[in-house]
Amino acid sequence: MLYRETGQFKTDYAADQQLFPIRQDRVAIVALLVFAFAGVPLAAATPGLAVAIDFNYWFSGVLIPFLIFSLAALGLNILTGYAGLLSLGTAAFMAVGAFAAYNFELRVPGMPMLMSFILAGGVAAVVGIVFGLPSLRIRGFYLAVATLAAQFFVVWALTKFGWFSNYSTSGVITAQKIAVFGWAIDTPVKRYLLVLAIVCVLALAAKNMVRGAAGRAWMAVRDMDVAAQVVGIPIMRTKLLAFAISSFYCGVAGALYAFAYLGTVEPAGFELDLSFRILFMIIIGGVGSILGSFLGAAFIVLLPIFLDLSANAIERSFGLTLPSGLVSNLTLIIFGALIVFFLSVEPLGLARLWQIAKEKLRLWPFPH
Amino acid sequence: MAESTDTFPRLLLRQAEIRPDRPAMREKDLGIWQTWTWAQALEEVRALACGLAAQGFRRGDRLAVIGDNRPRLYWSMMAAQVLGGVPVPLYQDAVAAELAFVLQDADIGFAVAEDQEQVDKLLENVPRCPKLKHIYFEDARGLRHYAQEQLTSLDALQALGRDFASRNPEFFAAEIGKGGPDDDAVILYTSGTTGNPKGVAQTHAALIATARVLVAFDGFSDQDEVLCYLPMAWVGDFLYSYAQSLVAGFCLNCPESPETVMTDLREIGPTYYFGPPRVYESILTQVMIRIEDAGWLKRRMFHAFMGLAKRVGMTILDGKAGVSLRDRVLYALGNLLVYGPLKNVLGLSRIRVAYTGGEAIGPDLFDFYRSIGVNLKQLYGMTETCVTVSMHASGEVKLETVGRPMPGVEVRIADSGEVLVRSPGVMREYHKRPDATREAIDPEGFFHTGDAGFFDAEGHLKIIDRAKDVGRLADGSLFAPKYLENKLKFFPYVKEAVCFGDGRDEVCAFINIDMPAVGNWAERRNLAYSGYADLASQPAVYELVRECVEKVNRDLAADAALGGSQIRRFLILHKELDADDGELTRTRKVRRRHIAEKYATLVDALYSGRESCFVETQMRFEDGRTGAVSADLRILEARTYDVARERKAA
Amino acid sequence: MTGRREIGAPILEVEDVSLAFGGVVALQGVSFDVRQHEIRAIIGPNGAGKSSMLNVINGVYHPQGGSVAFKGRRRRKVDPYEAAKAGIARTFQNIALFRGMSVLDNLMTGRCLKMRRNVLEQALYLGPARSEELEHRRKVEAVIDFLEIQHVRRTPVGRLPYGLQKRVELGRALAAEPELLLLDEPMAGMNIEEKQDMSRFILDVNDQMGATIVLIEHDMGVVMDLSDRVVVLDYGRKIADGTPEEVRRNPRVIDAYLGVAH
Amino acid sequence: MQFFFEVLIGGLLAGVMYSLVALGFVLIYKASGVFNFAQGAMVFFAALTTVGFISMGAPFWLAVALALAVMVALAFATERVVLRPLVNQPQITLFMATIGLSFFVEGIAQLAWGANVRALDLGIADEPIEWLMDRTGMNVSKFDLAASGIAAALVSVLGVFFNKTRTGRALRAVADDHQAALAVGISLQRIWVIVWITAGFVALVTGLLWGARNGVQFALTFLALKALPVLILGGLDSVVGAIVGGLIVGASEKLAEVYIGPHVGGGIESWFPYALALLFLLARPEGLFGERRIDRV
C-alpha cells in the first residue's frame, strides 16, 4: 500500500543490485538511522523528556545490550543461518573477544580502543577457525557438540590461566575506560552512539558479504555441499571463512559486551546459557537473515524487561507479592515455547513474517 | 545544422543536437532497461542507414519491418527514411501467406525481421517475391545455420555501415539533406474488411504536422515516458510512439516480450498510454478477478471506495465544482488506500493522459478508469487521416462523443450523415490504388470516412455507425442500428441486440440476454429457471430488460438527431444468436438482414402490435445435432421519452 | 543437424575405470573417449552405472581402478573442485540446486571460480568487488536470457516447477562457461514440450558455446536426435560404443534393453 | 598403582551413571532420530517432582509413581506439541527444538517446585565399603556401587525389553526405517510416546540416583552436557555404545583430572571428555558402535 514502485525502473545493474532497490525502503532506512543517531540522543538531551523517561536506564539497560546482542546474533547467523553450521559456542567467542580486548588495552601501551576491538575480533576469528576445523569432517549436531567443546574449554581456560585476567580472582576483569580518538566515551549516550556506529558498520559489511560471493558460497554449502563442490566452491575454505567471520563478529560483540555494557565481566558470565540465548535470537528473529538478527535480539532483550514491568505492575496494583523467580521461570518457559513454535510454524522467524507483510503491502490492494 | 525539422531524419538530428544525453530509447533486456540517448540513437541509425546504402538500398526503395517493438526495428525505419526510402511495418502475427500480398504490392526489396520466426515467414515468400533480396535479423538465435544468401544480421549490417560511414563521412548528412517533407514517410497497410489490404502512403509533412498538434494538445515534453507495446504496423504506434517521440523528444520503452508487458508497464510507469478498449477491458477484468481473492474486509473496502469514486471521482478529475468537502476527504482517503495502490500495481500511477479509440468503449469501463483518476480520453480517426480527427480535451470528456475536431482538422457531415475530413493529416494516396484513392478523397480534398455521425450541441463529434448501415425511419428521422445495439450491449444483462426500423415508422428490437449475468441476477433473487429459453421468458427478466431499453431511450431522447429512433417494442429471443446458425459472423457481428429474414414472423409480430408470438426455429446444439425449439414469445412496449422536454432537462 | 561444427580431437579419455561401493560393483573396466565439440550420450538400463560414470569423471567418486584424462592431464583421483577448475560442469539426475537461493544467485554460484575478490573487499563492496559482481551479473544475465528464464530471475528455486528447476540447473552449469558439460538425465520427468525445449537448449549450448557434452538420457528418441556417439553401459560394463545407428543395431544393446521399457 | 585403580573404579562407577543419562538419549534417538537435548532437563524435572511430592508428604514409592505419571504426561505432550509438527524436519531443527523444550521443562519444574536445592535420601549411605577398604585399602563408595548396580539392572531390563518384547522390536524397526515401520502398521506416534515414556522413566531413575548423590538441583540439567561426549564416543544409536562410552568418559575424566589436572590448574573434567570425543570424532565420525552411512549423489 505504502509502496509505490511504478516508475522505479533500473537502467543498470548497479542500481538493480543496490542494498535497498525500492525507494520507499531507502527512505525508511535513512529515517530510521537519523532517528537512532540523532533523534534518540536529542530526546535524551531534552530536559522535559529526560525527567519523564529514565534514559540512562534505556541506554544501558535496553538499547546497548540490544545492539550488542544483535551483533552477536549477526555473527551466529552468518555461521548457522547462512553457512548452516550450528554453533553452541557463541558465548565462548564473545568471551575471547572481551578478554582479548582487555589484554590489548592492558598490555599494549597507547593501543587505540577501536583497534583493540578489531584485534579482539581477529583473535576470536582465529579461535573460531581452530574450533571450526572439525566441521570439515563432521556435520549436524556432532558439530554442535564440537562447538560445545569450545564453549567449555574457553571458559575453563580463561578461568584457570590467570594471565588472561591479569591474575584477578576467578578471572574477573574490569574493562578499561573507553576513549575513541581522545574522545572519552563516559556517558550512556556516548556508549550507545559508539555501539550503534560499530553495529551499523558491521551490519552493513555483513549484508554485503551475504549478498556477495562469500554469502552465496555459504548458502550453497548449506543447501547442498556436494553440488557446491561441483560448481567449484572450496568447501573447507568456505566453512572456515564462515567460522572466522562469525567469530569475529561475536568477538567484537564480546568486547563491547565487556567495555560498553557491563564494564566488569568474568568467564563464568559467558556460560552456555548465553550461547543459547543468542541461538534463540536467530531462531526467533530469523535464521539466515540480517534483519532477523536484530528482530530476534530485540525480542529476547525486551521480553524479560516486559515481563518484569508487568509483574511489578501486577504486584503494585493488586498489592500481592509474586513468588520469587516467577519472572525468570516464565521467561524460560516462554522462550522454550516460542522456539518450538517458530521452528514448527515459521522456521524463518520474525524476519519472514515481516517479509510476508511487506509483499502484501507491495501488492495491495490485491492479495497476490 | 538541422534548423529545418520537416522530415523525421531532420527531427532526429535536432533531438540529438538539443538533448544528446536524454534517453531516446529503452529496452528491457538482460534484466535491466538498456538505454540509448538521442546521440547514441543517431549513431545506431547512421550505422544502419550507411549499412543499407552499402547494400544497395536506393532512394524510393521500400524496407519491410516485421517483429515485436524493438529499438533497432524503429531505427531501421528511420534509416530507410534517411535514405529517402519508405519503411513498411508489417503485422508480426500475420502468417506467411498474408505477408505475400503486401511484400509484392510494396515491391519490398529489403526487410528487417526480429527473429527466426519472422525470418522463416519472409523466406517462405522469397519464391513469390523475387525482389526480396536482403533480409536482416535482430536475434540470431537458431539462425546460425541458415545458408540463404539473403540473410544478414543487423550487427553485421551496422558493422558494414560504420565502415561505409568512415569511408564516406559526408554521406549520411547528404542523404538527409536530399529528403523533403512531401516524400512518403511510411506505408501502412490497413486490414480491409473485404479484399486485399490497402497501403496508405503518408508523407513526412502529414505525420509531423499531426504529431505536433497532438504534442501541443496534451503538452508532451521530453519528460514523458511511453511503453511501445502495440503492433508497429498500426498507425497508432507509428504516430503515438515513433512520430511523437521525435517531435517531443521523449523516450520510447520497448517491453522485454509480449508476455511481460504488464510487468514492464509497472516498472516504467508511462506518463501516457494508448490502447484499444479491449486492452483496458482485460486490465479491468484482471482487477476484478484478483480483488475477489482478497479477504472480506479488503473487498468491502475496495468496493465501498470504488462506489465513492464512481460518484465523485470523475468530477474531481475534471476539476469541476459540486463535490462536498466530506466526499473530497473520503476520496483523498480512498486515493491513499485504494486508487493510488491500484494504479500503482497496474502501472498507471504516472499516467497523465490515456487514449482509447478504434471502437466504442463501454461506460462502465470508461468510468472505472476516469473515476480512479486515470485521465482516459476517446479519440476518433483512421490510418488515412493519421488517426486524430477529433479527441476529448482534458476537462470536457463526454463518453458518448469523440470530442471536438483537432486544430487544423475540418470535419463536415455529408447529407448522407457520413463524416468527411480534410486535414494536413489526410493521406496522399492509397499505394498503387488510384481508383480507391479517387473514391476516398473528393476533389475538395475531403476524405470520406465511411462513418456516420453528427455534432452535438457543444460541437462534439458523435460517431454513430458505419454510414452504409445508417437508415431512416418513415418519418425521416435518423436510425443507426449499431449505435442502438451497442448502447444496449453496454448493459451487462444484454448479450446481443438486433434493431429494426429502416423505412418503418418505429424502432423495434430483438434482445439476447447474457446467460451468466442474468442467471446470476436471477439466483440472487432466487428465481428458478430450467434453461436459457425459460430464463428468457421470465416476466422478471423482461422487466429487467425493459429497464435497460428505457434507459437507452432516455439517452436517445437527450439528443436531437437520434431522439426519433427510440425503441418502442422489443422481445427477448428464445435462443442465443449463434454463428453456427448463421446469425452472427465469425467475429460475432450480428447479420441483421439474415436475421430479419429468418425471424420474419417475429419481426412482423413486433410491428403488428401483438402481445406475443409463437415461433419455432431450427437450431444446432453443441453436440452438432439439429433440432427445433419453439416458444411463445412475449412482446413488450418500452416507454419512450419526449425529445424536446428531455433536452431542456438535460 | 549433425555436421554443423567440426568435431575435434578427444578432450576426455576414460580408461579402464572400475568402481565399487563396499561389495557392490558399479563400474568395471569402462573405457571410452569424448571428442571436442561432440555430444556424447551414455545410455543403459537402470543401475547400469551411468551416473556413477559421471561422478567419476568430475571426481565425486574416486575409482578403485583406471584413470580419467581431461585435456591430456591424466588422473586417478580428481576432486570435484579441481574438475570444476579444469572446466567441467554438470547437472544432477535428481536436481541439486541450492533451494534456499534465488535463480539469479544459483547461477551466480556457477561463476564463483571466476571471482577473485576477497571477503574483505566484498564486505566493503567498493570499487573492484562491486564492479566484479556487476560484471558477472552481466554474464549470468546472458545465460538467463539464453534459457528464457527471465520471469523467474528472483524466485527462490525451491518454489519453481520441476521443469524450470532442471533448466536453472543447466543454467548454473552454463554460467561456469564449461568446456565439458555433464548432463545427468536432463529431461527426466519432463513433458514433450519441455523435452523439446531442453533438446533445443542442449543443441544451442553445444553449438553456440562450443561446449562438449556428455549426457545420460533414457528417452531413446532424444538420444538418437542429439548425440553424435553413444556409449552403452550394462551392469557397469561397456557393451557398445558408436554412432546412434550402429548402437541401435547392436544385438547386445537390444538384449540389454529387452523388456526394459524405455 | 592401587591409587590408580581406586580412581579408575571411581571413574567407572561415575561412568555407569553417565551411561544412564546417555541411555535416555539413545533410546529416543534410535526410535525418532531426535537428539533430545532436553534429557537433562527431564532428569532434573523427574527428580524435582519426586522430591516435591515427598515434601508434600507422599511416601517415597507413591512419589516415584506420581513422578512417573508426570513424565508420562510430559511424553504425550512432547509427542503432540513438539515431535508431530516437526516430523520430517532436518535433525538439526529437532535438536534445536529440544533445546527449547529443555528450557520449557526447566521453567515448569522450578515454577512448580521452586529453585532451591533439595536433599533426597534413598537410604544408601555414600561411604566406603569397609571390607574392600580393609583388604585393598581402596576407597569405593557403597552408594556408587549400589547406583551402578541399579543402573546395570535398568540397562539389562531395557536390553530385554528391546530385544524380546514386540514393542521393543517395533521400536527397533522404526529406528531402522520409518517407512517400513509404517508399512507393517506400526504407528509412529504410538512408538514415539512409548519411547519418550521410557526415556522419562530412565530420566527418573537417573534423577533419583544423582539427586541422592549431589542433591536435587538445577545442576542436574548439566548431566545432558556430560552425556554428549559419551554419546559421541558410543555412537548415537547404540545402547551398548552408550554404556561403554559412559565408562570410558567416566574413567578417563577422573584419570585426566588426577594425572593431567594438576599440571593445568585442574577442573579439566568440564571439557576433557569433549576434547576426547572430538579427537575421536575426527577419527571416526560415526562413533564406536554407530552405523556408517554412505551418502550417494
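In what order do the five strands of the open sheet in chain B stand?

**View 1. The open parallel sheet of chain B in the predicted model.** The five strands follow the order E4-E3-E5-E6-E7 and pair in the parallel sense. Strand E4 (86-90) and strand E7 (151-153) of chain B lie at the edges, where each has a single partner strand, so one side of each is left without a neighbour in the sheet. Between neighbouring strands of this sheet the turn is 25° on average, with direction ignored.

**View 2. The pairing of strands E6 and E7 of chain B.** Strand E6, which spans residues 134-137 of chain B, is joined to E7(B) in the parallel sense over three bridges. Within this region B:Phe137 is found opposite B:Ser153, a residue of E7(B).

**View 3. The packing of helices H11 and H14 of chain B.** Helix H11 (residues 277-292) and helix H14 (residues 363-371) of chain B pack with their axes 10 Å apart and at an angle of about 70°; angles of 65 to 115 degrees count as roughly perpendicular, and H11(B) and H14(B) are therefore roughly perpendicular to each other. H11(B) contributes B:Pro277, B:Tyr280, B:Glu281 and B:Leu284 to the contact, while H14(B) contributes B:Leu365, B:Phe368 and B:Tyr369. By class, six residues of this contact are nonpolar, none is polar and one is charged.

**View 4. The contact between chain D and chain A.** Here 39 residues of chain D are in contact with 32 residues of chain A. On the side of chain D that touches chain A, two or more residues come from each of helix H3 (60-83), helix H4 (91-113), helix H10 (223-234) and helix H13 (272-283) of chain D, and H4(D) gives the largest share, 16 residues. This side of chain D comprises 30 nonpolar, eight polar and one charged residues.

Conventions: Residues numbered from 1 in each chain as written. Chains lettered and ligands numbered in written order. Predicted model: local features only at pLDDT ≥ 70, side-chain atom pairs only at ≥ 80, totals over all residues. Pairing = 2+ DSSP bridges. Helix = DSSP H or I, 4+ residues; strand = E, 2+ residues; numbered from the N terminus. Axes fitted to C-alpha atoms, helices over the stretch in contact; angles between N-to-C directions. Contact = placed C-beta atoms within 7 Å. Nonpolar A, V, L, I, M, F, W, Y, C, P; charged D, E, K, R; others polar. Parallel < 35°, antiparallel > 145°, perpendicular 65-115°, else oblique.
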